[in-house]
Amino acid sequence: MAQNPTYAMWNRLAGKPVGKQLFSAAMCLRVPYFRTVLPSVRELRAGRCEVTSPKWWGVYNHIKTFHAIAACNLAEIAMGMLAEATVPATHRWLPKGMTVEYVAKAETGLRAVAELPELPEFGDEGFELPVPVTITDTNGKPVVTATITIWVTKKK
């Protein structure tokens, strides 16, 4: 299966000293809004992505916890990188919808894990792919759960 260029870059950089940091910085240059949560991609492979974000004043809400929409941004990063690693270069993907539940206050930095229960088949027909994302605090307590649905089609 042909690799997406983003995933190919991860595979080139991830094992090198500061490679994951370089990849995360390059990702933020390509998608500037991601910078707002200072993301760090920790793991990336077909069907799974883990991204962390520190708690810093740029993500604070009015009670100095991690803002709900900043957490949604982190979920979207995890889903997007999972899609880049999972969807072959012969196909494309677009976000179609997102459902989110805020299950607890996010009082620390966060860890988002997007993980598919199984990898889909990529054929000629377009299909919806729901990507579950769980966001936990530094103690492992879930604070946000999300499902981001993407539309996957074969490139023309």
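Mentor: A salt bridge here is a side-chain nitrogen of Lys or Arg within 4 Å of a carboxyl oxygen of Asp or Glu. This is a predicted model, in which local features need pLDDT of at least 70 and side-chain atom pairs count only at pLDDT 80 or more, while totals for chains, interfaces and linings use all residues. Residues are numbered from 1 along each chain as its sequence is written, and side-chain values use heavy atoms, without hydrogens and water.

Trainee: How many salt bridges does a search of the whole structure find?

Mentor: Side chains of opposite charge can pair when their charged atoms come close. Searched as a whole, the structure gives a count of eight.

Trainee: Which residues are linked with R48 in a network of salt bridges?

Mentor: E43 has a salt bridge with R48, and E50 has one with R48 as well. The network joins R48 to E43, R45, E50, R111 and E115.

Trainee: Which residue forms a salt bridge with K96?

Mentor: The closest N and O atoms of this pair, K96 and E128, are 2.5 Å apart. K96 is in strand β3 (residues 91-102) and E128 in strand β5 (residues 127-137), so the pair ties together parts 32 residues apart in sequence. Strands are DSSP runs of E with at least two residues, helices are runs of H or I with at least four, and both are numbered from the N terminus.

Trainee: At what angle do the axes of α1 and α2 cross?

Mentor: Two packed helices are described by the angle between their axes and the distance between the axes. Axes are lines fitted to C-alpha atoms, for helices over the stretch in contact, and angles run from 0 to 180 degrees between N-to-C directions. The axes of α1 (residues 5-13) and α2 come within 8 Å, and the crossing angle is roughly 155°.

Trainee: Roughly parallel or roughly antiparallel: which describes α1 and α2?

Mentor: Angles under 35 degrees count as roughly parallel, over 145 as roughly antiparallel, 65 to 115 as roughly perpendicular, and the rest as oblique. The axes cross at roughly 155°. Therefore α1 is, relative to α2, roughly antiparallel.

Trainee: What is the phi of L38?

Mentor: L38 belongs to the loop between α2 and β1. L38 is partly exposed, at 42% relative accessibility. Its phi is positive, although L38 is a residue other than glycine, and lies near 50°.

Trainee: Is I77 buried or exposed?

Mentor: I77 is part of helix α3, and its C-alpha atom is 11 Å from that of P32, a residue 45 positions away along the chain. With a relative accessible area of 0%, I77 is buried.

Trainee: How far apart in space are L82 and Y102?

Mentor: L82 is also placed in helix α3, and a relative accessible area of 1% makes L82 buried. L82 and Y102 are 20 residues apart in sequence, and their C-alpha atoms are separated by 22 Å.

Trainee: Where does I63 lie?

Mentor: I63 counts as partly exposed, at 48% relative accessibility. I63 is 16 residues from M79 in sequence, and their C-alpha atoms are 27 Å apart. Its place is the loop between β2 (48-53) and α3 (68-86).

Definitions and conventions
Buried < 20%, exposed > 50% of the residue type's maximum accessible area, 1.4 Å probe, protein only.
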